[in-house]
Amino acid sequence: MGFKNYIFTIAILLITTVAFAIPKDEKNALVDLYESTNGSQWIDPWDLSSKISSWKGVVVENNHVVSITLFNNNLDGTLPKSIGNLENLRVLNLAFNNLKGAMPHGIFQLQNLKVLRLGKNKLTGSIPKEISGLSSLEYLDLFSNNISGDLPEIMGSMINLKVLSLSDNKITGKLPSSLSKLSNLERLELSDNNMGGDIPSNITELNNLQTLVIAENTFSNHFPTQIIKMPNLEVLQIQNNKFNTEFLTQFEIA
């Protein structure tokens, strides 16, 4: 091989390598996730010595990680704060695992995230006001964890939300009236918590709502009658609260 051809070949190899390499911060974040959740014991563990494109559940586009799906994969541990370095992430699905501890604040820096599924884990702590940083989020699933505390009013600014699934936790306080601003919301699921107080009457402004599940809480006897007449509501579950049963009998609720 001539010297010029040799140089040309090396140049092509370098270009190819660079073209398919994700930023170092992103790779380190993936490795941190693997190591902090006992990756060697995953059902489908990653081979850290192989190309990232071969790592199960990781999708790379334009040299950036855009999706991580490790649903029901025996992740056991805590989420690393470096997960916030995955700035182009659109999907993070780690549901049905054994994740513990509080959600790291780095996760709330992912402004491109559309789907966050962490349901059926053992997460603790409260939902902080910083969650509003997930400005693109459409699907928030934290059901069946040990999340506690009140829902922050600022969640009403997450206007792209379509699904808010928080059932089976230890959430307290009232239903924030600001949720009425979530005009795209289709599913609101809050059953099996410790929430109470009156249901805000402005919840009837959620014209796209199809599912409202607030059973197994301590909501009071003031129940907005117009909820029954919401145009797209198909599923309504309100049993085992403190609603006035005589008040409810005047409606037919399937």
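This is a predicted model: local features need pLDDT of at least 70, side-chain atom pairs count only at pLDDT 80 or more; totals for chains, interfaces and linings use all residues.
1. Local features are reported at pLDDT of at least 70 and side-chain atom pairs at pLDDT 80 or more, while totals for chains, interfaces and linings use all residues. Residues are numbered from 1 along each chain as its sequence is written, and side-chain values use heavy atoms, without hydrogens or water.

2. An open sheet of 9 strands runs in the order 1-2-4-6-8-10-12-14-16, with mixed pairing. Strands are DSSP runs of E, at least two residues, and helices are runs of H or I, at least four, numbered from the N terminus; a pair needs at least two DSSP bridges. Strand 1 (58-61) and strand 16 (235-237) each have a single partner strand, so one side of each lacks a neighbour in the sheet. The twist averages 15° from one strand to the next (axes are lines fitted to C-alpha atoms, for helices over the stretch in contact; angles run from 0 to 180 degrees between N-to-C directions).

3. Within this sheet, strand 12 (187-189) and strand 14 (211-213) are parallel, over 3 bridges. Leu 188 has Leu 212 as its bridge partner in strand 14.

4. Helix 2 (24-36) packs on the sheet and touches strand 1 and strand 2 (64-69), contact being heavy atoms within 4.5 Å. The direction of helix 2 makes about 20° with that of strand 2.

5. Thr 37 lies in the loop between helix 2 and strand 1. Its relative accessibility is 0%, so Thr 37 counts as buried (under 20% relative accessible area; 1.4 Å probe, protein chains only). Among the residues that Thr 37 touches are Trp 42, Asp 76, Thr 78 and Leu 99.

6. Strand 3 (76-78) pairs in parallel with strand 5 (98-101) over 3 bridges, and Thr 78 has Lys 100 as its bridge partner.

Notes:
Buried means under 20% relative accessible area, exposed over 50%, partly exposed in between (1.4 Å probe, protein chains only). Lists of a residue's contacts leave out its neighbours within four places in sequence.
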